[in-house]
Amino acid sequence: MAPGDDELLPIGNIAKRSGVNASALRYYESLGLIESVRSASGHRRYRRSALRRVAYIVFAQRLGFQLEEIASQLEGLPKHHAPSGEEWRGLSKTWMARVDERIQELTHLRKSLENCIGCGCLSMKVCHVFNQADYIGKRGAGPRLWLGDTLKAAEE
């Protein structure tokens with residue numbers, strides 16, 4: 001092993017430890033998110049530090065980041081050893097804004113549940129209380145009130 005490199009593990013070990021299917025690991029590799037080296041027999045071997053990258057990918061996706069965004073975020077990190085604490089802290093700044101955004105979305109959704117789903121009709125086209133003649137639909141596609149439109153804005 002070269003200085004700075006870490007232990008090489010077979011794809012099955014990485015899959016088991018990370019909880020990510022081997023097929024997903026190969027896909028991540030095809031996108032350049034992680035990298036492997038080939039053994040003499042041609043089998044993939046991943047550095048142990050790839051586990052941190054995989055964990056990052058999994059949680060970044062849970063926060064709503066697309067794989068292209070994740071690739072950009074991981075671009076400056078070392079691939080042959082674990083990043084430093086300072087490097088990880090730099091990445092966490094990117095997440096703060098997304099976490100705050102998700103908190104706002106979920107808070108809005110929670111408040112909306114009592115008004116919309118709470119009534120039981122589940123249809124904005126037939127709702128005679130909040131959406132007579134489907135005037136909310138004129139504002140655009142999708143769940144307009146959950147996306148932040150207000151009833152007043154929808155009436156205009």
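First, the ground rules. Residues are numbered from 1 along each chain as its sequence is written, and side-chain values use heavy atoms, with hydrogens and water left out. Because the model is predicted, local features need pLDDT of at least 70 and side-chain atom pairs count only at pLDDT 80 or more, while totals for chains, interfaces and linings use all residues.

Start with the cavity, meaning a set of points on a 1 Å grid over the protein atoms alone where a 1.4 Å probe fits but cannot get out. The whole structure has one cavity of 30 Å³ or more. The largest cavity holds about 40 Å³, volume being the space filled by probe spheres set on the points. Which residues line the largest cavity? They are Ile 34, Glu 35, Arg 47, Ala 50, Arg 53 and Lys 79; lining residues have an atom within 4 Å of a point. Two of the lining residues are nonpolar, none polar and four charged.

Now helix H3, residues 50-62; helices here are DSSP runs of H or I, at least four residues, numbered from the N terminus. H3 reaches 18 Å from first C-alpha to last, close to the 18 Å expected at 1.5 Å a residue, that is, 1.5 Å times one less than the number of residues. Buried residues (under 20% relative accessible area) in H3 include Ala 50, Arg 53 and Ile 57. After H3 comes Gly 64, with a positive phi near 105°.

Last, Asn 21 sits in the loop between H1 (11-18) and H2 (22-30). Asn 21 is exposed, at 57% relative accessible area, the cut-off being over 50%.

Methods: On a 1 Å grid over the protein atoms alone, a cavity is a set of points where a 1.4 Å probe fits but cannot get out, and a pocket is an open set with protein on both sides within 12 Å along at least five of seven lines; lining residues have an atom within 4 Å of a point. Ala, Val, Leu, Ile, Met, Phe, Trp, Tyr, Cys and Pro count as nonpolar, Asp, Glu, Lys and Arg as charged, and the others, Gly among them, as polar. Helices (H or I, at least four residues) and strands (E, at least two) are DSSP runs, numbered from the N terminus. Buried means under 20% relative accessible area, exposed over 50%, partly exposed in between (1.4 Å probe, protein chains only).
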